[in-house]
There are 2 protein chains.
Amino acid sequence: MRQPAGRAERRGGGSRKPREERWAELFAVATEVFYEKGYEGASLQHIADRLGLLKGSLYYYIHSKEDLLFEVMSEVHRQGLANIVELASRPGDPLQRLRNVVIGHVDHMCSNLTGTTVFLHEMAALPEERQAEILGGEHAYRSVFLDLVQKGKAEGLVRADIDPKLASLSILGSVNWVYRWFRPGGEFTPKQIGEHFADLIVHSLAADGVLPAAKPAKPKRGKKTTAPES
Amino acid sequence: MRQPAGRAERRGGGSRKPREERWAELFAVATEVFYEKGYEGASLQHIADRLGLLKGSLYYYIHSKEDLLFEVMSEVHRQGLANIVELASRPGDPLQRLRNVVIGHVDHMCSNLTGTTVFLHEMAALPEERQAEILGGEHAYRSVFLDLVQKGKAEGLVRADIDPKLASLSILGSVNWVYRWFRPGGEFTPKQIGEHFADLIVHSLAADGVLPAAKPAKPKRGKKTTAPES
């Protein structure tokens, strides 16, 4: 957990817990409260109440609710990006690496659903310059996917007519949307989701002959149906 | 524009505009204000101010801010669903129809970005029973995509190992995420986005031999690179 600059010097407000531990607790509780109430619906008072602190004590750590959101967003982004950058750097051709990134990203999101949801849902609550500060000038997150699609194209693994930018936006959408419908203990495990999504994504991009031939499902009752159903 | 039940009988509060016109105006302004401020950040006072009405006058039309969000969400959903149901019912095999649905859905979203954004971003602000009332017991929206994937599989056009439920969730994510990054006048037109996404989606599903062979991009400088880049 990152310690915000300059805050290590501040006094812990008479608490007996070490400052680092208090900050980690504040961070976790803020993430939960933003998740449950949404950023606009949450207040520093809610967060202080849940921590059993006076609201004024929070100002030892942050200056405003926006600061707290910024810290949460930065940390969630840092961890998520580190995860996919590490996965993308493993051996394999670009499609194999894309596959690993998708599976690992879905797993990371599903294992960190609270933080991920706050990150993906509340970004617009931050002023644009603070969004840019988190995402990076080149939109670091999207670049990992874009780079793999571009490399795949350069190596002849990806179809010639693929636009790498649109393709990476499509991939990000498919994968990021998981936070909207995934529930732990639900119908699909993170592994099942990640592997199936990776399979769909790789097939959406691959040039002919790059992947093993995919068998059609056996047509039911052998009927010919191309007529529209209403 | 739907007229909420029972409201047609109410008096227009001394306004000279017909009640239907007032309601349409309220509806449009509420959508804008929810878009700009988010549901939690918006207030009936904001909406009344923008309409040049006293806040009390709004109660001729709705009982609460939540009622207003519910009406906006219901209408956006009704229009979006009608659009894809109509597209899905046109002639063609299931993959052709899926292609039309994706292109038409992206176009509809991009042409109705304000309403779409409120719909996709603020659903969680409604109580679960009102969400269910809008989405329908069978999740009508997702069902259109699910149904086409299932039909494609039954006709042998879709790979045997595709899970139609996961595939339709992947498609919905890819397509719905467009509201997060599309800006009118930006790098891509809605048509370009829709067609490229439809192409990716159809390739992600199609059994071998169903689509024309897809040529690889010419490898650059003929180099063999399967080594990882850092």
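Of the 230 residues in chain A, 50% are buried, where buried means under 20% relative accessible area, exposed over 50%, and partly exposed in between (1.4 Å probe, protein chains only). This is a predicted model, in which local features need pLDDT of at least 70 and side-chain atom pairs count only at pLDDT 80 or more, while totals for chains, interfaces and linings use all residues. Residues are numbered from 1 along each chain as its sequence is written, chains are lettered from A and ligands numbered from 1 in the order in which they are written, and side-chain values use heavy atoms, with hydrogens and water left out.

**Chain A overall**

- Chain A holds ten helices and zero strands; helices (H or I, at least four residues) and strands (E, at least two) are DSSP runs, numbered from the N terminus.
- Among contacts in chain A between residues at least 6 apart in sequence, 67% join residues at least 24 apart; contact means heavy atoms within 4.5 Å.
- The accessible surface of chain A is about 10,900 Å², and carbon and sulfur atoms account for 51% of this area, as computed by the Shrake-Rupley method with a 1.4 Å probe.

**How the two chains are related**

- Chain A is superposed on chain B by a rotation of 180° with 0.0 Å of shift along its axis, at an RMSD of 0.0 Å. That is the relation of a two-fold axis.

**Helix H2 and the annotated region**

- In chain B, helix H2 spans residues 44–51, and its buried residues are B:Leu44, B:Ile47, B:Ala48 and B:Leu51. They lie on the same side of H2(B) because they cover an arc of only 95° around the axis, taken from the directions from the helix axis to the C-beta atoms.
- These buried residues pack against helix H1 (19–41), helix H3 (55–58) and helix H4 (65–88) of chain B.
- After H2(B) comes B:Gly52, which has a positive phi, near 70°.
- A:Gln45 is placed in helix H2 (residues 44–51) of chain A and is partly exposed, with a relative accessible area of 37%. Its C-alpha atom is separated by 5.6 Å from that of A:Lys55, ten residues apart along the chain.
- An unreviewed UniProt entry lists residues 43–62 of chain A as "DNA-binding region"; such annotations may be inferred rather than shown by experiment.
- The end C-alpha atoms of residues 43–62 of chain A lie 13 Å apart, and the span is 40% helix and 0% strand.

**Core and buried contacts**

- The largest nonpolar core has 139 residues, of which A:Phe34, A:Ile47, A:Leu205, B:Phe34, B:Ile47 and B:Leu205 touch the most other members. Such a core is a set of buried Ala, Val, Leu, Ile, Met, Phe, Trp, Tyr and Cys residues joined through side-chain atoms within 4.5 Å.
- Leaving aside neighbours within four places in sequence, B:Leu205 has contacts that include A:Leu200, B:Leu95, B:Val149 and B:Ile171.
- B:Phe182 sits in the loop between helix H10 (178–181) and helix H11 (190–205) of chain B, and is buried, with a relative accessible area of 4%.
- Not counting residues up to four places away in sequence, B:Phe182 touches B:Cys110, B:Leu113, B:Phe188, B:Pro190 and B:Ile193.

How values were computed:
Copies are superposed by least squares on the C-alpha atoms of residues with pLDDT of at least 70 in both.
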